[in-house]
Amino acid sequence: MADNDLIIAATFDFDWQAHMAKDILAEHNIPSVLDNEMFSSLYPIGFNSIGGINLRVFRRDAERAKEIIRNSKI
């Protein structure tokens with residue numbers, strides 16, 4: 001496992017939550033990417049059955065990112 005691997009830091013039911021978390025991490029200089037974002041727009045009904053929107057960060061930032069997300073009011 002490398003520090004540059006992307007891992008899931010959080011999963012969200014709604015795209016606005018995922019974008020808010022991504023923006024909060026950016027404010028803390030933690031780069032992130034969103035998975036499954038397009039599916040939420042294309043298939044809004046039943047979207048959660050595919051697992052929601054995953055927010056991924058580098059492994060080296062994961063613990064800090066999870067703490068920041070946990071402490072935010074998303």
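Predicted model: local features only at pLDDT ≥ 70, side-chain atom pairs only at ≥ 80, totals over all residues.

Biologist: Which residues have the most contacts inside the largest nonpolar core?

Modeller: In soluble globular proteins, nonpolar side chains tend to be buried together. Here the largest nonpolar core has 17 residues. F12, L25, I30, L55, V57, A65 and I69 have the most contacts inside it. At least two core residues come from each of β1 (6–12), α1, β3 (53–58) and α3 (62–71).

Biologist: What does L55 touch, leaving out residues up to four places away in sequence?

Modeller: The partners of L55 include I7, F12, A21, L25, V33 and I69. K22 and S32 are also among them.

Biologist: Which residues of α3 are buried?

Modeller: A62, A65, I68 and I69 are. Look down the axis of α3: these buried residues fall within an arc of 130°, so they line one face of the helix. On the other side of α3, E63, R70 and N71 are exposed. The cover over the buried residues of α3 includes β1, α1 and β3.

Biologist: Now Q17. Why does Q17 count as buried?

Modeller: Buried means under 20% relative accessible area. Q17 counts as buried because its relative accessibility is 15%. Q17 lies in helix α1. Beyond four places in sequence, Q17 touches F12 and I74.

Biologist: Which residues form a nonpolar patch on the surface?

Modeller: F14, W16 and M20 do. Together they have about 330 Å² of accessible area. Of these, W16 sits in helix α1 (residues 15–27).

Definitions and conventions
Residues numbered from 1 in each chain as written. Heavy atoms only, no water. Patch = residues over 30% accessible without salt bridge, like charges linked within 9 Å, V, L, I, M, F, W, Y side chains within 5 Å. Areas by Shrake-Rupley, 256 points an atom, 1.4 Å probe, with all protein chains shown as cover. Salt bridge = Lys/Arg side-chain N within 4 Å of Asp/Glu carboxyl O. Helix = DSSP H or I, 4+ residues; strand = E, 2+ residues; numbered from the N terminus. Core = buried A, V, L, I, M, F, W, Y, C linked by side-chain atoms within 4.5 Å. Buried < 20%, exposed > 50% of the residue type's maximum accessible area, 1.4 Å probe, protein only. Contact = heavy atoms within 4.5 Å. Arc of directions from axis to C-beta.
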